[in-house]
Amino acid sequence: MSEQDFFRDALSDFTYEAASGGAIRHLADLGYTVKQIGERLTYPTPYERVRKTVWQHLLDTKVLLTQEPGSGETREKAEYVVEHDKYGRTSYRLLTVQRESGGVRSWRERNYSREKDGNLAAYLAKMCDRNGEESAYVSCDFGIWQRRDPKRLDKAMQTLNERQREYVSGLIWEDKICYHRLNQRMREMIVKLYETGYYQGTCFFLRLAEKVEL
């Protein structure tokens, strides 16, 4: 990339961030779909760029995970090491070390049973209330369906309402199982998909260290 191209791209990114980036993240936090966000922006922004910004923001805020919840994540962390030479002079050396965040060491695993647990919607709401919604997740294979079985995905989406379909289609799902925070929106979608036979997956409740198969 030439220096001129680099400067142009950097200026474009700066202009985009100043005009739209913050607004997109704010609207995503309020629960708007990508389509709704695009309709509300005053600065013309390509749909795909909105999608990328929303997806990255959901990853950054841990609404979405691409690794199984509780597995622990390896992250780089900068640390300074104090060193002394033979003359007693002090210097600092920057090191980048790998640190793994704490994971769940042992899960209590069980299968959901309507006979024992009652209505699924009420059960998930109760579990999220006990555990805390911010650390409850559900597995999603929309990206796998999208690439490998689009007809099944289309049929599954027909069981959802318009806003729910917009939300799913607006995200850039990876071609693997991802994990979405089990907020009210996702609980409503998972219940609909489960009851119509289009969902089979796992709910993770990190604070309770419980894993529930649906």
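**Entry 1: a pair across two strands**

I began with Tyr137, which stands opposite Arg181 in S6. The strand labels follow DSSP runs, numbered from the N terminus: a strand is a run of E with at least two residues, and a helix is a run of H or I with at least four. I noted that this is a predicted model, in which local features need pLDDT of at least 70 and side-chain atom pairs count only at pLDDT 80 or more, while totals for chains, interfaces and linings use all residues. Residues are numbered from 1 along each chain as its sequence is written, and side-chain values use heavy atoms, with hydrogens and water left out.

I then looked up the strands around this pair. S5 (residues 136-140) and S6 (residues 178-181) are antiparallel partners joined over 4 bridges; two strands count as paired if DSSP finds at least two bridges between them. Val138 stands opposite His180 in S6. S1 and S6 run antiparallel, with 2 bridges.

**Entry 2: the whole sheet**

Which order do the strands of the open sheet take? I read S1-S6-S5-S7-S8-S4, a sheet of 6 strands with mixed pairing. Strand S1 (64-65) and strand S4 (108-111) are at the edges; each has a single partner strand, so one side of each has no neighbour in the sheet.

**Entry 3: strand S7**

I next followed S7 (residues 202-205). S5 and S7 run antiparallel and are joined by 3 bridges, and Ala136 stands opposite Phe205 in S7. S7 also pairs with S8 (residues 210-213), antiparallel over 4 bridges. Here Phe204 stands opposite Lys211 in S8. The hairpin of S7 and S8 has 4 residues between the strands, and in it Ala209 takes a positive phi near 55°.

I recalled that side chains in a regular strand alternate between the two faces of the sheet. In S7, Thr202 and Phe204 point one way, Cys203 and Phe205 point the other way, and all are buried. Buried means under 20% relative accessible area, exposed over 50%, and partly exposed in between, with a 1.4 Å probe and protein chains only.

**Entry 4: Ser135**

Is Ser135 buried or exposed? Ser135 is buried, at a relative accessible area of 10%. I located Ser135 in the loop between helix H5 (120-131) and S5. Leaving aside residues up to four places away in sequence, Ser135 touches Phe204, Phe205, Leu206 and Arg207; a contact means heavy atoms within 4.5 Å.

**Entry 5: the second largest pocket**

I turned to the second largest pocket, which holds about 150 Å³ of space. A pocket is an open set of points on a 1 Å grid over the protein atoms alone, where a 1.4 Å probe fits, with protein on both sides within 12 Å along at least five of seven lines; lining residues have an atom within 4 Å of a point. Helices H6 (142-148), H7 (150-157) and H8 (162-170) each give two or more residues to this lining. H7 gives the most, with 4 residues. Among the lining residues I listed Phe142, Pro150, Met157, Arg165 and Trp173.

**Entry 6: the chain as a whole**

The protein chain has 9 helices and 8 strands. Buried residues make up 39% of its 214 residues. Among contacts with a separation of 6 or more, 67% join residues 24 or more positions apart.

Definitions and conventions: Grid points are joined across faces, edges and corners, and a volume is the space filled by probe spheres set on the points.
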